[in-house]
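Have a look at the model first.

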Amino acid sequence: MNASLPLWGMVAAMALVTYLIRAVPFVLFRRRIRSRFLRSLLSYMPYAVLSAVTLPAIFSATGNTTSSLAGCAAATVAALRGRSLLVVAVCACTAALLAELLLPLL
């Protein structure tokens with residue numbers, strides 16, 4: 001049981017950090033934020049975080065930057081045309097696959 005003590009300590013530390021990250025904004029911002037600039041900045045935060053997490057994964061997913069770029073471009077075009085998430089994903093996968101298959105022929 002001695003070996004599991006550091007494991008429990010790590011789990012407790014991770015739980016504490018996770019709790020603090022979620023609780024600190026509630027403690028710091030008790031009143032409604034009145035600044036129009038700050039409210040608009042915070043409204044775009046989820047999109048910025050999602051982009052920061054997703055874009056590196058997109059360009060490292062296939063191991064080939066060209067096919068990743070083709071998939072990203074196809075997904076962007078499909079999304080801008082208002083297609084569903086399933087259609088966007090299928091377009092991205094198809095474009096990346098076609099790029100992978102056609103690149104060696106060029």
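Helices (H or I, at least four residues) and strands (E, at least two) are DSSP runs, numbered from the N terminus. This is a predicted model, where local features need pLDDT of at least 70, side-chain atom pairs count only at pLDDT 80 or more, and totals for chains, interfaces and linings use all residues. Residues are numbered from 1 along each chain as its sequence is written, and side-chain values use heavy atoms, with hydrogens and water left out.

Q: How do the axes of H4 and H5 run, roughly parallel or roughly antiparallel?
A: Axes here are lines fitted to C-alpha atoms, for helices over the stretch in contact, with angles from 0 to 180 degrees between N-to-C directions. Those of H4 (residues 65–80) and H5 (residues 85–102) come within 7 Å and cross at roughly 150°. Angles over 145 degrees count as roughly antiparallel, under 35 as roughly parallel, 65 to 115 as roughly perpendicular and the rest as oblique. So H4 and H5 are roughly antiparallel.

Q: Is Ser67 buried or exposed?
A: Ser67 sits in helix H4. Buried means under 20% relative accessible area, exposed over 50%, and partly exposed in between (1.4 Å probe, protein chains only). Ser67 has a relative accessible area of 0%, so this residue is buried.

Q: Which residues does Ser68 contact, leaving aside neighbours within four places in sequence?
A: Ser68 is also part of helix H4, and at 4% relative accessibility it counts as buried. Contact means heavy atoms within 4.5 Å. Beyond those sequence neighbours, the partners of Ser68 are Ile58, Phe59, Ala61 and Thr62.
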